[in-house]
Amino acid sequence: MSEKQFYDSPLEEVEPGHTFLDSNELVLNMGPQHPSTHGVLRVILKLDGEKVNGIECVIGYLHRGIEKVAEHRTWAQFAPFVDRLDYTAAVSNSLGYCLAVEKLLSVEVPKRAQYLRVILTELCRLASHQVWLGTHVLDIGAVTPLFYTFRDREDILNVFEKYCGARLTTHAFRIGGCRYDAYAGFYEEVLHICDDLGPKIDEYRDLITGNRIWMQRTKNVGCISAEDCIAYGITGPVLRGSGVDWDLRKKQPYSSYEDFDFEVPLGTAGDTFDRYVVRVEEMRQSIRIIRQATEGLMEGPIIAKVPKVIRPPVGEIYSSIEAPKGELGFFLVSDGGPMPYRLRVRPPSFINLQALEKMATGSLVADVVAIIGTLDIVLGEVDR
Amino acid sequence: MIQNILQYLHSNVTPGEDGNLFWVVVYVLLVFAGISVGVIFMNWFERKIMAHMQVRLGPMRVGPHGLLQPIADALKLIIKEDLMPANADKIVFWFAPVCVVMTAFCGFIVVPFGPTHAITDMNIGVLFMLGVSSLGVLGVIMAGWASNSHYPLMGSLRSGAQMVSYEIAMSMTVVSAVMMTSMATGTGTLSMIGIVQAQLQQRTWFAFSFFPVGLTALGVFSIAMVAETNRAPFDLPEAESELVAGFLTEYSGFRWSLFFLAEYASMIAVSSIATTLWLGGWLRPFPNLLGGKNWDIAFSLVPGLTFLAIAALCLFYFTRMPRIRAMRAESTGLAAFGGVLGVIGLIMMLPTVRVRIQDIYWFTLKTGFFMYLYIWYRTTFPRYRFDQLMKIGWKVLLPISIGVVVMTALIGVRHELLALVWK
């Protein structure tokens, strides 16, 4: 896009108060190669000195056409592809997809498989939040917490590796349940992580939460009200940071989440600091859930009877879960054949990213970076 | 030549004051080489300390415990292709790193590593140092402008604003220290050597005189100097997560390494100002309290003993290294390093050497303390935002530093009045 075209872009009509054609205006292309756009996000900033007058996201640099790919794979074959959406939370994606197909098939997943799924998904939430915490804090300039969070994430990835052989793109679940049962020593390792991670989260807190610079950098930065969140369709910790009590695990329990006792942490101000607090508290709640699920894990089958070639009845379905980043929904259309007629992902990152313009306009360049971090986007999921 | 050396050995002043051109040149070379080696060592030190704070090992491959890593890095930077952006302002782009390095090293002309170990002693030493070090911002602005690119431009603008605003708080605290020099003699001095000698006469480091005024001044200075050298948490001009590499974005290879050299050299420079003004410069610990010949000898042995201790550590770890072929180069290197350090340590024990060397040792130790603080800050703190940075500079540090100056003056006057009354 040439500079002339960019000046004439509709942004000016949206924000008539700004004098975009000031001689001081600087158009800065942040990305697609930039250390803190969390992948290949391109953000066009209209700057007045340090102040951001206008902001526009350009996405699609990581578009792989996953939704189209689905139309040429059988229902089971497509399952590994969803791991590549939000690659920091592959297990959650897997759960979302499997639940959607199971809903379409009307299959009842055995209780043991449900509990196993909860354990692994919550572990995955911990891992995802640790990646977020490390990179978010790194964006704001603190280098050290990144290494701590990645050190602790390693334990979780080791569990994944032992469970299903992969660390990142796990393909942990199958349609109808789980492919693998808990390996020998699974409970001990998971409970060990639960015991271990609490003090380590305290360590992150000691390093970050009370830090004056951190508070100055995050409080009242990237504020978004509850009404705006709902209007934008924002979900997940960003929504809860604004004080809206909406967690699909509580509101539309799936995979036996109704069995577990946990709280949904809420923020009040809807700023970056609140979202940080919400996510860190969520990590503690995840530990609670994992502990309950591991202790309550019963004997039984781990996979329901599902035909070899899955041919769901004709129809369409929308099923969603609470992924670490928000509501991850799958909309499936079946024509009765072995392959999806249409598959549509409702990715939390993509929809949360829309709020960047609202949150960052009028702030400073450094805040834009902080806001991208606090939205916790993964470009694999944004672009699909 | 021999006469020159003899003149130097019997001289009690710096070569510059002595008018001894030969030794001035030698000292210039020594200081330049010493600071460069210091920068290289700092690089290794920083990476290691950061690594250990961040639960990793840091450089381990090149040389024992990665000791040769900075040299390998420097070599790689020098042989790298010399890139210049097509639309850059060629001359300014070329001159910017030169300017930065020159100003960073110029300040060392007056830094006293010992009573005679300075290139020269000026009667406006502190002023010269502050003036020269603040010229470095010109190079940064030149670099940002000449790169003809957005990130460097923003980086250099930030740098310019930042350095100018912290310069003031910094100079104010320096004024306070200079005022303290007049306490014993009645006449103050701006000479770096004079300031240290004043601390010796007043039997206290200026950090502890007029408690807590001196300490506050040191505190303000040590914050302002971090901002002045663009280091974390005030590293906005090169904020990686915002401006990629700030004004360094378009620089690579040798030019980049010049900026790197200048950054660390100016860190050492401001640290040595802080050491000279508040921590007694080259003075050994407790020169008055533990005075006397025996204590003098005991303290003068410390530098040699330090070297011998490090040598012993190296040799100890050499004996513990596995005797396998793959480790042969490593272990030989470690043993050789230990051996060299041991020899240096022994040389430093010689009576003629140790009396001249110990000043440098204590000075380096105190400066090293500030350098360690730099690394510590970098691993601990998030980065300030630009407006917050300005707010701290103008609304917090500047008032405090003005208060420090006023308090110093008031307490000084009070002392004088009391002295008059007693007479």
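Mentor: What follows is a look at one helix pair and then at its surroundings. This is a predicted model, in which local features need pLDDT of at least 70, side-chain atom pairs count only at pLDDT 80 or more, and totals for chains, interfaces and linings use all residues. Residues are numbered from 1 along each chain as its sequence is written, with chains lettered from A and ligands numbered from 1 in the order in which they are written.

The pair is helix 10 (residues 213-228) and helix 16 (residues 386-422) of chain B, whose axes come within 10 Å and cross at roughly 150°. Helices here are DSSP runs (H or I, at least four residues), numbered from the N terminus. Axes are lines fitted to C-alpha atoms over the stretch in contact, with angles running from 0 to 180 degrees between N-to-C directions. The crossing of helix 10 of chain B with helix 16 of chain B is left-handed (the near helix is turned anticlockwise from the far one by less than a right angle).

From helix 10 of chain B, the contact residues include B:Val213, B:Ala217 and B:Ala224; those from helix 16 of chain B include B:Gly393, B:Leu397 and B:Ile411. Contact requires C-beta atoms, placed from the backbone, within 7 Å. The residues of this helix contact divide into 11 nonpolar, 4 polar and no charged (Ala, Val, Leu, Ile, Met, Phe, Trp, Tyr, Cys and Pro count as nonpolar, Asp, Glu, Lys and Arg as charged, the others, Gly among them, as polar).

B:Ala217 is also touched by B:Trp278, whose other contacts include B:Trp205 and B:Leu218.

How values were computed:
Helix = DSSP H or I, 4+ residues; strand = E, 2+ residues; numbered from the N terminus. Contact = placed C-beta atoms within 7 Å. Lists of a residue's contacts leave out its neighbours within four places in sequence.
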